[in-house]
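Biologist: I would like to learn how to read a structure such as this one, feature by feature. Could you take me through a few of them slowly?

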Amino acid sequence: MSKKKAIKIATASAIALTGAVAVAQPQADAATNSVDKAITKATTQVNKAFNLYYNTTKKSNKLPSGSAIRKEVKLAEQYYAAAQKEIAKNGGSKKASYTKKLEASKTSLNRAKNYVAAISVTLKASRTDLDKAIASGKQGTVASKHAALEKKIAEFEKAVAKVFGPDARRLLTKTYTTPAKAEAAAVATEVKVYAAYKEIESKKLITTDLEKAGKLIESVKADVEKLKAKNTTLAKNLVKAAEKNNKAYEAALPAVVTAVSATNASTLTLTGTSLNNLKVEDITVAGNTVKSVSAAADGKSATVTLENSLNVDVATKVTAKGKDFEVTYKVTATGVTLTDGATYDDDTAKQFIKVNVDGRALTASELITAGYDVKFEAFSNKAATTQDTTFFKGGLNTSSTGELSDAIAVPTEGKDIYVKVTVTKGAQVLTSPLVKVKVINKDLAANTISAATLYNTTNSVEQSSSTLKTGEKAKFSEIEVKSGSRVDYYNQDFVVKSSDESIVSVNKVTNEFEAQGPGTATLTVTFGGATYTKTITVKNEKREATSVKVSKTTVAAVKGGTVTAKVQLLDQYGDPMTFVGGTDLKAVSSNNTVATATVGNPSGAKLEAEIQISGVDTGSALFTFRDNANAKLGTTSLAATVTENGTLSQYTVAVDNDITSTDLTAINTAVGKTLVKEQISTDATIDIKDDSYVKLSLKGLNSAGQEIDAKPAASSYTVTTNVSAAGVLAATPTFSADGFIVVEAGTKAGTATITVTNKADGKVVKTFQVTVTDIGNNVTGATFKNITAPTYETTLNYEDFLSYTESSKDPIITGLTLSKSTTQPVRLALTTGAGDLYIDKDGDAVYDAGEIKVGSVAFGNAGTITNFTTNAVTGFKVTTADDGTVIFKVLNSEDEVVASKALTINF
């Protein structure tokens, strides 16, 4: 038996021997103990719940777990209620004191409950709803969900205000209120704009209260501009709605004319507001008739065209929208010029040369009316020694009106005429400089405008980007026009229009345009039947130099010698800027003992400067570019290697794949012809019938492969050719020039090896292979119409199988695939050469000399086709007696079938 057990038995025995009895505590004491326990349990739990949120926020600077605090507060409430019941049941005479003891924890309980009440106001659902609404782009839904979130935020803030403890309130605000408010604020602009335009639309204010509509539009004008910078569906929808309403509002505004002036003898310029609502009947001109009114996009100016010319120096009454103005048209010449490079048509009637008088383009009749004598003179040469009697109407080389003949004979490439004008009034004699104009056949209308050169007239630079700074002026200095294989360049005779004059306005006389305000506008250039568009971006930011562009990133110089490259200083948009070489732009060498460099001043439309690198000693140096504050400009650098190896060791020969106008001039000088860009191939394959020339660039290298001669003189090398067959190259196959060779195709396809040999050292040899093809333009495939077998007697011809555009002459055929693309249409000859497919080079819809045949169409058959003919133009009639198959064929120029479609005839 264990000692412990023995003691228990002994104790029990002793009790039994003494007769002692265990007596229980009175019932009242037991009850009192249960009340105290209940109060203690409740108070402890209340403190636990309170401290969980209060101490966590105060001491740990974070919010407690939401589920944990809810659990503890719920238990606190339950224990508190249980203690209340226990007091009521067993408190006896001490109920009041027990109640007071319990209620000492009530404040802490309420504070814990207030905290739970705050976090129970959930913002998540409202935020999610707003996110979904924003993603949908639905304006009304966003507005309602935004309002719901704002309401929920207010409810949450009200609950947070009741929470005890600044740390708790701060963290609740930071965790929940701040991000919710930020989300609401992110679309506050959208909601504001929506509310304004919703009121305009729902109350039909544009028709019922135009003034109020205007105030609402003005109140959100800046907000709408902000939305234009947002790339969201919601913002785009709102901007679209705003523009729609704004347009309706502007259309409803009455026109107000504030000033009238005479632009020229038959044109008035009106200024004011809402002039796009001005009508012809709103304007009367004494003794004249208004033909048309054309307002600028912003409605602040309008051009009025008159039926008759205004009298010079005579006041004329003009009434616009009931308001009278007095206009006097004056002509006072202090200087006269003619437009250099103007282009005229060879057979258009009523063409006049205009005289630029002090910046205004006037007709001779206007000058005559103003009391001037006018004399135009035309010459066929620049020296003005040979008179041209074909240019002016009347068959003379002089004209007092400047009216051109409507039958000027011109070659395909056009005709250059040299013209000047003399204007005389009393002792005043003004003579313009001699200018060159061109007469062409404009019936050979441009198919495409392939490029337009943007020239910044404010900064005198040809831009790379399409960005203008507010206030800058620019123009298209040249457009590239393609008519089939021909490329021409024009600097006038085209029209420029802006999609938004408030952003980019266009001078209708000069075609110069000006950046008016931030935004984008599309400029449309029209020449003949072709158009070209360019999007112009206008910004307020000042142009600042940010980088440089060099023509070479590595150069090799001989010790004691120099080598050059081209450099441009670029702004943040990539456009060239002017600078002072060596000051605004410096080339800093990493090792002046190896190489140094000097930067010259820029010149030309592209503001290119020459950087000259001088080799001091053998080695390598890296040039970086810096401004006058020695700050580095961009990341471009130029690596220079200086060598003593200045001996020519090898040549490189490569195709020049970027033919510029400068290149073309050099090529034409070399070959002694007038070629166009389309005749120059940009790869090593030349075509007898198309791009039959190629320019090969030649450079000299030393034994290390370093370029030491960028432009070897033509006199320093010889060129020989080896062809795969006679006739592959032209009779004079190559033309040598400084730095390049021109190769001309002959009359047969094949290959030719071009060999360049240095005259001084016959061991320096380089070969290059050119491939000559005879492809030209050819049909290689066709897409046919969906045609079903006939069930009745009908005539079948090309119209049933090919897609075509009807004309009074030969139809245009579409759905054909050609070996080479063409800008001119492919037509089907209906009369001469019936059935032939040809490229209509001269645009007259007739298959005549000079057109390119690319294929033909014909019928084939199998079985019995009674009226069958191969002629797909006239076709044939199918009947109930027929039982066979008709095959419509498209053939190439070698009469090979490239596409066919069969049709069963049996009905």
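Modeller: Let us start with accessibility: a residue is called buried under 20% relative accessible area, exposed over 50%, and partly exposed in between, with a 1.4 Å probe and protein chains only. This is a predicted model, in which local features need pLDDT of at least 70 and side-chain atom pairs count only at pLDDT 80 or more, while totals for chains, interfaces and linings use all residues. Residues are numbered from 1 along each chain as its sequence is written, and side-chain values use heavy atoms, with hydrogens and water left out.

Biologist: Is Glu211 buried or exposed, and with which residue does Glu211 form a salt bridge?

Modeller: A salt bridge is a side-chain nitrogen of Lys or Arg within 4 Å of a carboxyl oxygen of Asp or Glu. Glu211 is exposed, because its relative accessible area is 57%, and its salt bridge is with Lys215, the closest N and O atoms being 3.7 Å apart. Helices (H or I, at least four residues) and strands (E, at least two) are DSSP runs, numbered from the N terminus. Glu211 and Lys215 are four residues apart in helix α11, so about one helical turn separates them.

Biologist: Why does a spacing of four residues matter in a helix?

Modeller: An α-helix has 3.6 residues a turn, so residues three or four places apart point the same way.

Biologist: How should I read a positive phi?

Modeller: Most residues other than glycine have a negative phi. Leu607, however, has a positive phi near 50 degrees, and is found in the loop between β32 (595–599) and β33 (609–615). With a relative accessible area of 8%, Leu607 is buried. Asn630 has a positive phi of about 65 degrees and lies in the loop between β34 (619–626) and β35 (632–643), but Asn630 is partly exposed, at 44% relative accessible area.

Biologist: In what order do the four strands of the open sheet lie?

Modeller: Two strands pair if DSSP finds at least two bridges between them. The order is β38-β45-β44-β41, with mixed pairing, and the edge strands β38 (685–687) and β41 (717–723) each pair on one side only.
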